[in-house]
Amino acid sequence: MEQKDKILRMKELIGTLSQASKAYYMEDREIMSNFEYDKLYDELAALEEETGVILAGSLTQKVGYEVVSALPKEPHPSPMLSLDKTKEVDALVSWLGDHEGILSWKMDGLTVVLTYEGGTLVKAVTRGNGEVGEVITPNARTFRNIPGSIPVKGRFTIRGEAVIFYSDFNKLNETIPDAESRYKNPRNLCSGTVRALDSRVTAGRAVHFYAFSMVDPEDPEILAAIGGTIQKRFEYLQSLGFDTVEYKNVTAETLPDTVRWFSDTISGNDFPTDGLVLSFNDVAYGRSLGRTAKFPRDSIAFKWQDEEAVTTLLDVEWSPSRTGLINPVAIFEPVELEGTVVQRASVHNISIMRELALGKGDQIKVYKANMIIPQISENLTRSGMLAIPDVCPACGGKTTIKNENDTETLVCENPDCPAKDLKRFSLFVSRNAMNIDGISEATLERFLEKGFLKQLSDIYHLDRYRDEIINMDKLGEKSYTNLIRSVEASRETNPANLIYALGIPNVGLSNAKLIVKHFDGEPKACFDAPYEELCEIEGIGPIIAESYVAFFADEAHRAEIESLLPELTFVKEENTREQDLAGKTFVITGSLETYPNRDALKKEIEDRGGKVAGSVSAKTSYLINNDITSASGKNKKAKELGIPIITEKDFADGLFS
């Protein structure tokens, strides 16, 4: 390639990377995978080295994102540089040489700088573009695990990563019935949450902070005690009540095995990571090395070589959802990645499908992003022969390609598409909603095809079609009797179950329970809840309140509810249980033997005054796991923190203090 062609390619790469970076950092969305971004970035860096030219706007010279939100801005006292990176363990060994290092997780959230004055948190600023960040102090005060005050004189500044755990991320997504409305990953959710203009949004989500460095404290006594090594600084931060990133001391000899330990551990983590960070343990030595224009020389990032496999694309399924969005899913010959067999991967949208130029029979490379999520990294044959359906696979109605934020998606225009109704009825009869046994999605689909179900209240009049149901294949008299018995049992319910069953965007069962509790279980008061009062309920916030009010303001929704109310009897749940678990926090993991499911065990704990969390932390009282000796991530964490691990039987028998 001639010099001028290399320059043209560099300009193309800068444009593509800039667009991806803007989407990721400023709009909290992804238009390409991390794998693809890293590949293009490395290509740009290599071309810059070959040509000796660095063009204006090159992503190799930028740090972070441009700050454009409505939050107050503030410059950092000293630049927060990004880290140089490698995917080679041998390069890490060479970099460390004969020095001792600290190897830690590179957590995938939003970097935040906390400043304390006289022991009180007075300021929190995001990393921003490395020079200027956004002030998010009110939001930081709602982080779940940072101390509001510490026994330190003068100014004290620490840097760390704000993250949302996978368990909390999944829990929030479970409250959103529509797949396309769900959050894509914990990193994007955390970024939007931490930078929200209303701190109630942040408070309503479980954001945790993990410190990874500290600025030299003003108190000379503290500096003298902890200034020598990163390890001592971590230990000091932990003594003040801060959680720090998990780390290991390493030498060149132990480094490969330690990287392998982190690799083996990642699948059990509840927090998102995108690699490791290796730093010189000796603080003075690390500082003596100085910095480049973009990178400090005291630390380096490590990203795993994603395990790839080549396979054959068999087809792309088009999966309709309740709101009409039709999502492409790649189906390929099964391959083993990171110890598991995979044969499906979401392609996300039409833009990505076109970029990959997919076609049946193509040879594709697949990998697991961060060793977890199956993705397509490359199409080796790029036939581009895959047609985009012009009719919905569920109803045969006309489809439309919509373009929002430079991303193309496929949508079914038919308001009566059965896929929409199927998902709506499936949610209504589900266990945490109206809990109607005996109606599978396949059965619902047959009822919809026959015209038995048009609105939700029709569920309570299936007896009109007794003979037809009995004569359906694989049903019969017994199935019909059990079905009607279950329908009748569901008539007695709690307002929270109905609210969840209605499929209100962003409103899950836990949110519904909070609303019902606030309005003392009165259905009409719940349905007519004003926006301002909903915002005052802890755990609701403006986003949920807005969705909730908009749903009940819709005339069609109100009409459906009015048709349902005569069919139902609402029962107030009065908890008379002894509150013997008050003040205790439990985490549940693994399979259960006595309780039918985790929801049942969770209810038992909550009825007795306890709390159930999704991940093990210093605040956990007990981890419930029937496999006490397992090497799971939660078991390891509990043992490290000295938290008792009890079995389901231990809990039921009260064999814990």
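User: Is S621 buried or exposed?

Analyst: Buried: S621 has a relative accessibility of 19%, and the cut-off for buried is under 20%. Keep in mind that this is a predicted model.

User: Where is S621 found?

Analyst: S621 sits in the loop that links strand 22 (611-613) to strand 23 (622-624).

User: And which residues is S621 in contact with, leaving aside its neighbours within four places in sequence?

Analyst: Those are G583, K584, T585, I643 and P644.

User: OK, cysteines now. How many disulfides does the count come to?

Analyst: The count is 0 disulfides.

User: Switching to helices. At roughly what angle do the axes of helix 13 and helix 14 cross?

Analyst: Roughly 130 degrees, with the axes of helix 13 (residues 418-429) and helix 14 (residues 441-450) coming within 10 Å. The two helices are therefore oblique to each other.

User: Is that crossing left-handed or right-handed?

Analyst: The crossing of helix 13 and helix 14 is right-handed.

User: Which residues make the contact?

Analyst: Helix 13 contributes P418, D421, L422, K423, F425, S426 and V429, while E441, L444, E445 and L448 come from helix 14. Sorted by type, the residues in this contact are 6 nonpolar, 1 polar and 4 charged.

User: One more pair: how do helix 21 and helix 22 cross?

Analyst: The axes of helix 21 (residues 541-553) and helix 22 (residues 555-564) cross at roughly 75 degrees and come within 5 Å. That angle makes helix 21 roughly perpendicular to helix 22.

User: Who's touching whom there? Which residues make that contact?

Analyst: On helix 21 they are F551, F552 and A553, and on helix 22 they are E555, H557, R558 and I561.

User: And how do the residues of that contact divide by type?

Analyst: For helix 21 with helix 22, they divide into 4 nonpolar, 1 polar and 2 charged.

Technical notes. Residues numbered from 1 in each chain as written. Predicted model: local features only at pLDDT ≥ 70, side-chain atom pairs only at ≥ 80, totals over all residues. Heavy atoms only, no water. Axes fitted to C-alpha atoms, helices over the stretch in contact; angles between N-to-C directions. Helix = DSSP H or I, 4+ residues; strand = E, 2+ residues; numbered from the N terminus. Parallel < 35°, antiparallel > 145°, perpendicular 65-115°, else oblique. Left-handed = near helix turned anticlockwise from the far one by under 90°. Contact = heavy atoms within 4.5 Å. Nonpolar A, V, L, I, M, F, W, Y, C, P; charged D, E, K, R; others polar. Disulfide = S-S within 2.5 Å. Buried < 20%, exposed > 50% of the residue type's maximum accessible area, 1.4 Å probe, protein only.
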